[in-house]
Amino acid sequence: MSPKILPVILLFISNAFMTVAWYGHLKFGDRPLYLVILVSWMIALAEYCFAVPANRIGHTLYSAAELKTMQEVITLVVFAVFSVVYLGEKLTLNHLLGFGFICLGAFFVFKGPLH
């Protein structure tokens with residue numbers, strides 16, 4: 001697999017785990033907090049197993065700032081799908097505009113030095 005694509009795929013998988021770890025417990029408000037923290041922590045461990053290789057492999061082609069920017073945009077995409085599909089929440093125009101501005105920022109990170 002292309003070293004340009006592999007970090008992106010690994011970051012998507014990583015973010016899927018992290019989104020579940022951070023927000024999946026919201027449907028289980030009746031569970032004790034210590035339990036959801038423990039389960040979330042175990043899920044987050046799986047996230048690290050994908051995030052660390054994504055960054056290690058990705059840093060051979062991308063700067064740390066580019067990797068972080070990629071991760072943030074991927075996080076927004078994964079979170080948007082998760083919040084609609086799993087949590088049943090709606091994305092509003094202000095959410096989409098805010099996410100769009102973040103993506104615009106990502107464009108400038110990858111654009112390279114401005115002169």
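This is a predicted model: local features need pLDDT of at least 70, side-chain atom pairs count only at pLDDT 80 or more; totals for chains, interfaces and linings use all residues.
Local features were taken only where pLDDT is at least 70, side-chain atom pairs count only at pLDDT 80 or more, and totals for chains, interfaces and linings use all residues. Residues are numbered from 1 along each chain as its sequence is written, and side-chain values use heavy atoms, with hydrogens and water left out.

The protein has four helices and zero strands. Helices (H or I, at least four residues) and strands (E, at least two) are DSSP runs, numbered from the N terminus. The order of elements from the N terminus is α-α-α-α. The C-alpha trace spans about 55 × 35 × 20 Å along its principal axes. Of the 115 residues, 26% count as buried. Buried means under 20% relative accessible area, exposed means over 50%, and partly exposed lies in between (1.4 Å probe, protein chains only). Contact means heavy atoms within 4.5 Å. Among contacts between residues at least 6 apart in sequence, 74% join residues at least 24 apart. The protein exposes about 7,800 Å², and carbon and sulfur atoms supply 74% of that area. Accessible areas come from the Shrake-Rupley method with a 1.4 Å probe; for residues, only the protein chains shown count as cover.

The largest pocket has a volume of about 350 Å³. A pocket is an open set of points on a 1 Å grid over the protein atoms alone, where a 1.4 Å probe fits, with protein on both sides within 12 Å along at least five of seven lines. Grid points are joined across faces, edges and corners, and the volume is the space filled by probe spheres set on the points. The pocket is lined by 17 residues, a lining residue being one with an atom within 4 Å of a point. Asn-15, Met-18, Trp-22, Gln-71 and Thr-75 lie nearest the pocket centre. Helices H1 (6-23), H2 (33-58) and H3 (64-85) each supply at least two lining residues. The largest share, seven residues, comes from H1. By type, the lining divides into eight nonpolar, six polar and three charged residues. Here Ala, Val, Leu, Ile, Met, Phe, Trp, Tyr, Cys and Pro count as nonpolar, Asp, Glu, Lys and Arg as charged, and the others, Gly among them, as polar.

Asn-15, one of the residues nearest the pocket centre, sits in helix H1. Asn-15 is buried, at 2% relative accessibility. Beyond its neighbours within four places in sequence, Asn-15 contacts Gln-71, Ile-74, Thr-75 and Val-78. Ser-83 belongs to helix H3. Ser-83 is also buried, with a relative accessible area of 2%. Leaving out residues up to four places away in sequence, Ser-83 touches Gly-88, Glu-89 and Leu-91.

Side chains of opposite charge can pair when their charged atoms come close. Two salt bridges were found in the whole structure. A salt bridge is a side-chain nitrogen of Lys or Arg within 4 Å of a carboxyl oxygen of Asp or Glu. One joins Asp-30 and Arg-31, at 3.2 Å from N to O. Asp-30 is exposed, with a relative accessible area of 62%. Arg-31 is partly exposed, at 40%. Another joins Glu-72 and Lys-68, whose closest N and O atoms are 2.7 Å apart. Both residues of the Glu-72 and Lys-68 pair lie in helix H3, four residues apart, about one turn of the helix. Glu-72 is partly exposed at 31% relative accessibility, and Lys-68 is partly exposed at 47%.
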